[in-house]
Amino acid sequence: MDQEKEPQIVITVWDGNKQQQFYSSRGENLLMALVRAKLPVSFFCTTGKCRSCMLRLQAPEGSVSYASETEQYRLGKEALEKGYRLACQVYLSGPLTVYLDAPASA
């Protein structure tokens with residue numbers, strides 16, 4: 001049985017002034033993709049309650065899932081408008097840029 005390979009999504013990651021790219025699959029959780037790529041992302045609970053996986057994204061419309069109720073509650077409207085998200089709550093559907101140096105106070 002020959003299955004067609006799902007197109008890969010390009011994820012660009014900035015950690016301070018270092019940039020790297022890796023590929024992920026449509027529908028994959030961003031936190032799990034970052035962990036799989038062995039990138040230095042903080043996390044603890046994986047359910048959005050602790051906020052430890054907060055990072056900033058730059059994503060074209062439709063590239064990531066909409067902010068979950070958990071994110072809306074934990075981060076607030078202002079942080080979401082600035083591009084902050086909880087990696088454990090983000091599901092991928094297109095290319096994006098991730099900034100790992102998000103301040104804890106955002």
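Predicted model: local features only at pLDDT ≥ 70, side-chain atom pairs only at ≥ 80, totals over all residues.
**Overall architecture**

The protein chain holds two helices and five strands. Read from the N terminus, these elements follow the order β-β-α-β-α-β-β. The chain has 106 residues, and 38% of them count as buried. Its exposed surface comes to about 6700 Å², of which carbon and sulfur atoms supply 49%. When contacts between residues at least 6 apart in sequence are considered, 60% join residues at least 24 apart.

In soluble globular proteins, nonpolar side chains tend to be buried together. Here the largest nonpolar core has 26 residues, and the members that touch the most other members are Ile-11, Leu-30, Leu-34, Leu-55, Leu-92 and Val-98. Two or more residues each are given to this core by strand S1 (8–15), helix H1 (30–36), strand S3 (54–58), helix H2 (69–81), S4 and S5. H1 provides the largest share, four residues.

Leu-30 shows how these parts meet. Leaving out residues up to four places away in sequence, Leu-30 touches Ile-11, Leu-55, Leu-57, Ala-87, Val-90, Leu-92, Leu-96 and Val-98.

**Cysteines**

A disulfide is a covalent bond between the sulfur atoms of two cysteines. A search of the whole structure finds zero disulfides. For Cys-53, the nearest cysteine sulfur is that of Cys-88, 3.7 Å away, and Cys-53 is in no disulfide.

| Residue | Relative accessible area | Class |
|---|---|---|
| Cys-53 | 4% | buried |
| Cys-88 | 6% | buried |
| Gln-89 | 16% | buried |

**Gln-89**

Where is Gln-89 found? Gln-89 sits in the loop between strand S4 (84–86) and strand S5 (96–99). With a relative accessibility of 16%, Gln-89 counts as buried, because the cut-off for that class is under 20%. A polar atom of the Gln-89 side chain lies 3.3 Å from the backbone oxygen of Thr-47. Apart from its neighbours within four places in sequence, Gln-89 is in contact with Asn-29, Thr-47, Gly-48, Ser-65, Ser-68, Thr-70 and Glu-71.

Note on methods:
Residues numbered from 1 in each chain as written. Heavy atoms only, no water. Buried < 20%, exposed > 50% of the residue type's maximum accessible area, 1.4 Å probe, protein only. Contact = heavy atoms within 4.5 Å. Areas by Shrake-Rupley, 256 points an atom, 1.4 Å probe, with all protein chains shown as cover. Polar contact = N/O pair within 3.5 Å; in protein donor to acceptor, adjacent residues only side chain to side chain. Core = buried A, V, L, I, M, F, W, Y, C linked by side-chain atoms within 4.5 Å. Disulfide = S-S within 2.5 Å.
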